[in-house]
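Subject: A structure for you, with some notes

Hi there,

Here is the structure I promised to pass on. Have a look at it first, and then read my notes below.

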Amino acid sequence: MAALIAENFRFLSLFFKSKDVMIFNGLVALGTVGSEELFSVVAFNCPCSPARNYIYGLAAIGVPALALFLIGVIWNNHTWNLVAECHKRGIKNFSAAATFLLFGSIMGRAAVAPVTWSVISLLRGEAYICALSEFVRPSSLDKFPAEYGAEVLARFPCKDVPANLTKFRDEVTRRLRYESQLFGWLLIGIVAVLVFLTKCLKHCCSPLSYRQEAYWAQYRSNEDKLFRRTAEVHSRILAAKNVKHFFGFVALDKEEKELVQEFPVEGVQPSPQWNAITGVYIYRENKGFPLYSRLHKWAKGVEGNGPSPEGHEMLFLAS
């Protein structure tokens with residue numbers, strides 16, 4: 001138990017430090033595996049009762065997967081960029097393909113954890129066995145006593161059965177575990193094929209060369225890091241000025257005093273500027289020159305969000 005908890009804390013630490021997409025998705029998957037193991041140890045407890053087994057087994061697989069999916073959607077910055085875009089400008093400037101890829105990007109990133117949860121649950125088999133044990137046909141079991149029915153079969157996952165049914169319980173458990181693991185491996189194969197086809201389609205449809213696409217990813221990452229760091233310093237200095245104006249002084253540590261002296265803040269950015277750099281960004285070119293972000297576009301003074309006749313349109317790359 002302690003080891004599982006330690007692994008999950010280690011995962012969270014790496015999770016918030018990671019910026020690379022593949023590392024990010026890998027850490028999400030690993031964290032989900034650890035969480036599923038912890039859930040199986042401390043939470044899963046089949047009721048071994050007809051009609052309840054099925055609901056409980058499906059809930060054990062589906063409800064955590066749904067919760068993880070919603071958390072993935074909430075944690076994705078693109079979700080809130082889309083909300084801001086719809087609120088401020090609508091999505092009338094997006095083509096049907098761009099809109100489809102936009103939702104696909106959000107859904108795809110959010111699906112990493114729930115798919116991992118479902119796969120691990122199926123490979124373990126406990127939830128599947130619990131859900132379907134009562135539906136095994138007694139006639140499919142050689143020499144199964146006729147006086148026993150679904151109520152006894154529902155108790156098989158708990159091993160609470162008469163001694164003369166032990167071999168049937170082992171056979172049912174082995175059969176259902178086989179089916180569960182088969183579905184798990186098939187799900188892994190389907191996901192792998194979909195990821196491969198998506199990556200191929202993305203690179204085939206991209207108007208950018210591989211090197212320019214890599215540069216764009218680096219630019220977005222650097223812009224985001226610098227923007228967050230600068231916004232944190234700017235907000236701290238502005239807050240210090242306002243606190244000093246209210247109290248007549250402000251209690252700053254040495255580092256904060258140096259920041260206030262080095263970076264004088266005169267005011268705040270007006271709302272139109274924040275709106276201009278907030279929202280979904282589709283790759284644009286202005287007279288052949290790339291615009292890599294809304295901030296880049298605002299800095300160049302380019303107006304409008306619709307694609308120009310000579311320009312290109314492409315969905316942002318997930319970061």
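The second largest cavity is lined by Val233, Arg236, Ile237, Ala240, Leu252, Glu256, Leu259 and Val260. A cavity here is a set of points on a 1 Å grid over the protein atoms alone where a 1.4 Å probe fits but cannot get out, and lining residues have an atom within 4 Å of a point. About 40 Å³ of space lies in this cavity, a volume being the space filled by probe spheres set on the points, which are joined across faces, edges and corners. The count comes to 2 cavities of 30 Å³ or more.

Before going on, please note that this is a predicted model: local features need pLDDT of at least 70, side-chain atom pairs count only at pLDDT 80 or more, and totals for chains, interfaces and linings use all residues. Residues are numbered from 1 along each chain as its sequence is written, and side-chain values use heavy atoms, with hydrogens and water left out.

Which helix gives the most to the lining of that second largest cavity? It is α10, with 4 residues, and both α10 and α11 supply at least two. Helices are DSSP runs (H or I, at least four residues), numbered from the N terminus. The lining divides into 6 nonpolar, no polar and 2 charged residues; Ala, Val, Leu, Ile, Met, Phe, Trp, Tyr, Cys and Pro count as nonpolar, Asp, Glu, Lys and Arg as charged, and the others, Gly among them, as polar.

Those two helices also pack together. α10 (residues 210-247) and α11 (residues 254-262) meet at an angle of about 90°, with their axes 10 Å apart; axes are lines fitted to C-alpha atoms over the stretch in contact, and angles run from 0 to 180 degrees between N-to-C directions. The two are therefore roughly perpendicular (65 to 115 degrees). Val233, Arg236, Ile237 and Ala240 of α10 make the contact with Glu256, Leu259 and Val260 of α11 (heavy atoms within 4.5 Å).

Next, the second largest pocket holds about 400 Å³ of space; a pocket is an open set with protein on both sides within 12 Å along at least five of seven lines. Of its 16 lining residues, the closest to its centre are Phe227, Thr230, His234, Gln269 and Trp274. The largest share of this lining, 7 residues, again comes from α10. The lining divides into 11 nonpolar, 5 polar and no charged residues.

Enjoy exploring!

Methods:
Parallel < 35°, antiparallel > 145°, perpendicular 65-115°, else oblique.
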